[in-house]
Amino acid sequence: MNPILLLPEFVAVAAALGVMLYDLWLPKDRKAVLCTVSMVACVAVFAATFVPAVADGGTAFGGSYLVDGMALLLKRLFAITALLVFVMSRDYVEDLPRGRGEYYTLCLLATSGMLICASVNDFMSLFVALEVVTVSFFVLVAFKRDSTKSVEAGLKMLVIGSISAALLLYGIAFIYGATGSVFFADYRALVEAPDFVLSTELLVGILLVFLGLGFKTSAVPMHVWVPDVYEGAPTPITAFLSVGSKLAGFVLMLRILEVFGRSGVVADELTPFLALIAALTLFYGNLGAIPQTNIKRLMGYSSIGQCGYILLGVAAAWETGISATLFYMTAYVFTNLAVFTVIVYVARSTKSHEIDDYSGLARRHPLLGAAMTIGLLSLAGVPPILGFVGKFLAIGAAFARPELQWLVVCGLINVVVSMYYYLCVIKRMWIKDARHPADPAVPRRVKIALVVSMIVLIGGGLAPQLVEKMTAPAAAQLGLSKTPR
Amino acid sequence: MIAMDTTFLASSPALAALGEITTAHYVVLSSLIFAVGLFGVVTRKNAVVILMSLELMLNGANLAFVAFSRQHANLQGQVFVFFVIAVAAAEAAVALAIIIALNRVKGGVSLDDATELKG
């Protein structure tokens, strides 16, 4: 029993409750202070993961809470994600007619749920942590309650989200029925036992759990909400959804794979299923993005496509695959948040999310143009940017498995397809003439965030071993074999 | 598999004809409830009815948990159900708030009103 392990979560929850109370005392014109408090809280969460008692790892609450290298890495990514989301939220929230305090409170609560997701070690915490994230996002997506689009997006997310939560729950019920326990430690012992036999009950349970988690990661067939919700939600929340919520889903997938994948029998059954989902997700996302004219919808489809690449690494699992997945997720945080920061500030001046309104952006505002270009190139996987290394590692991990060669071909085809629609946006920004002469006003803290993201993306792309130094040990610590069996 | 207590069936010949009620019976019932809920979510247009169907899905899973809990003679499944009930309550509160917001902006709670986002 070692509750100090939960220090980052305590900080996040305390900040959420503190912001909610502080909001009551603040006059209406000074709500921006809450954003500063939230940003400080994210830095504190990040710092808390380096406190020796936390960074050494261990388990708490009777083994239902686990801190290891993967959990710590993800916690740091979640803290960075929340920080960058608050950076881009401040001006956006100032424009909202009401509910500024609640906005920051809910964002921090969602962050605390994600932090717990990184460390869950039993199905009860998994379900509750996941629902903390999902329910906070239901409210945040429908936050502009006078806007028909926002409310409609909230309703759509609510319906699909609840179906997937029920599927997940039913899957957990089957796993519990097959094993008589909800603790991951028991499963690890069970599947590693020499006399382990995979029952249909257990397999159906695991598949249903993956299906339920597919909602968070926007994997086919639980992807249908993504484009609509991304378009209708407030833009910073779209950014948060596309990074934080997705990574929370992936870390849970990796955790469950780490637990059950220890048995070669389960791994053999899961790999074709995950590979099929990865292939479908890749094609759906990348082909769906081509005809889009709205940048937020485009990013919605792009986010489905990116989920396909991460799933490629997940399907190839075991040490190399998990290491590649963690690398991809690190790259994805900085890439996607840089792109969404630009979207937020461009929309502030043009009041539109049409891709046509990005014409001439590079000349109108070189910093926004450069950040958008580097972000999109990173998503497309152009060397020497961080996103390229992530794709290279994920596809390489799949290539190492003879039965996944066809998936590698799918991945490569989709790299080419995705290049087309990302480059279309870049072409507009650099070659076409500006439609809107207005210069988007960008505050200093956003400029700093964009410059830092660009440095990480290019620096990490030129020296990927620096990023790998963080992700590879986290995967190695899981104690899995390099390849299955 | 631990059999359920079936002494009360003796009073009803019709039920007694079913034989012993095992965990499998409860799991089949739970899957039926789950399927009815899923069918409702997919086919209904009224947001409130969809919410009711979602609750049905969650309760189908709850029944499976309780049945398995009895079968394994440990309480983890029953404790899980308490968590699910709490989460479902939170979810229902948020869902009703969103439905009210939909009613305000659209003047109805039918999903046919929510067709602005597509493509």
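## Chain B at a glance

Starting at the N terminus, the elements of chain B run α-α-α-α. That makes four helices and zero strands, where helices (H or I, at least four residues) and strands (E, at least two) are DSSP runs, numbered from the N terminus. Keep in mind that this is a predicted model, in which local features need pLDDT of at least 70, side-chain atom pairs count only at pLDDT 80 or more, and totals for chains, interfaces and linings use all residues. Residues are numbered from 1 along each chain as its sequence is written, while chains are lettered from A and ligands numbered from 1 in the order in which they are written.

Of the 119 residues in chain B, 29% count as buried. Here a residue is buried if 20 or more other C-beta atoms lie within 10 Å of its own, exposed if 12 or fewer, and partly exposed in between, with C-beta atoms placed from the backbone. Take B:Thr22, which sits in the loop between α1 (13-16) and α2 (23-43) of chain B. B:Thr22 has 16 C-beta neighbours inside 10 Å, so it counts as partly exposed.

## Where the chains meet

Now zoom in on α7(A) and helix α3 (residues 47-72) of chain B, whose axes come within 8 Å and cross at roughly 10°. Axes are lines fitted to C-alpha atoms, for helices over the stretch in contact, and angles run from 0 to 180 degrees between N-to-C directions. α7(A) and α3(B) are therefore roughly parallel to each other; angles under 35 degrees count as roughly parallel, over 145 as roughly antiparallel. Among the residues making this contact are A:Leu155, A:Leu169 and A:Tyr176 of α7(A), plus B:Leu54, B:Met57 and B:Phe65 of α3(B). The contact has 16 nonpolar, two polar and no charged residues.

## Helices inside chain A

α7(A) also pairs up within its own chain: the axes of α6(A) and α7(A) come within 9 Å and cross at roughly 170°. α6(A) and α7(A) are therefore roughly antiparallel to each other. Residues that meet here include A:Phe127, A:Glu131 and A:Phe138 in α6(A), and A:Met157, A:Leu168 and A:Leu169 in α7(A). The contact of α6(A) with α7(A) divides into twelve nonpolar, four polar and one charged.

Helix α5 (residues 100-119) of chain A is mostly covered, with 18 of its 20 residues buried. As for helix α9 (residues 200-217) of chain A, 13 of its 18 residues are buried, so it is largely enclosed by the rest of the structure.

## The nonpolar core

The largest nonpolar core has 225 residues. Such a core is a set of buried Ala, Val, Leu, Ile, Met, Phe, Trp, Tyr and Cys residues joined through C-beta atoms within 7 Å. The residues with the most contacts inside it are A:Cys117, A:Val141, A:Leu169 and A:Ala315. Helix α14 (residues 318-350) of chain A brings the largest share, 20 residues. Beyond its neighbours within four places in sequence, A:Cys117 is in contact with residues including A:Ala129, A:Val133 and A:Leu252.

Most residues other than glycine have a negative phi, and most peptide bonds are trans. Still, the peptide bond from A:Val220 to A:Pro221 is cis, with omega near 5°, and so is the one from A:Pro383 to A:Pro384, also with omega near 5°. A:Pro221 is in the loop between α9 and α10 of chain A.

A:Lys351 has a positive phi, near 60°, and is exposed, with 10 other C-beta atoms within 10 Å. In chain B, B:Ala73 has a positive phi of about 55°.

Key:
Angles under 35 degrees count as roughly parallel, over 145 as roughly antiparallel, 65 to 115 as roughly perpendicular and the rest as oblique. Two residues are in contact if their C-beta atoms, placed from the backbone, lie within 7 Å. Ala, Val, Leu, Ile, Met, Phe, Trp, Tyr, Cys and Pro count as nonpolar, Asp, Glu, Lys and Arg as charged, and the others, Gly among them, as polar.
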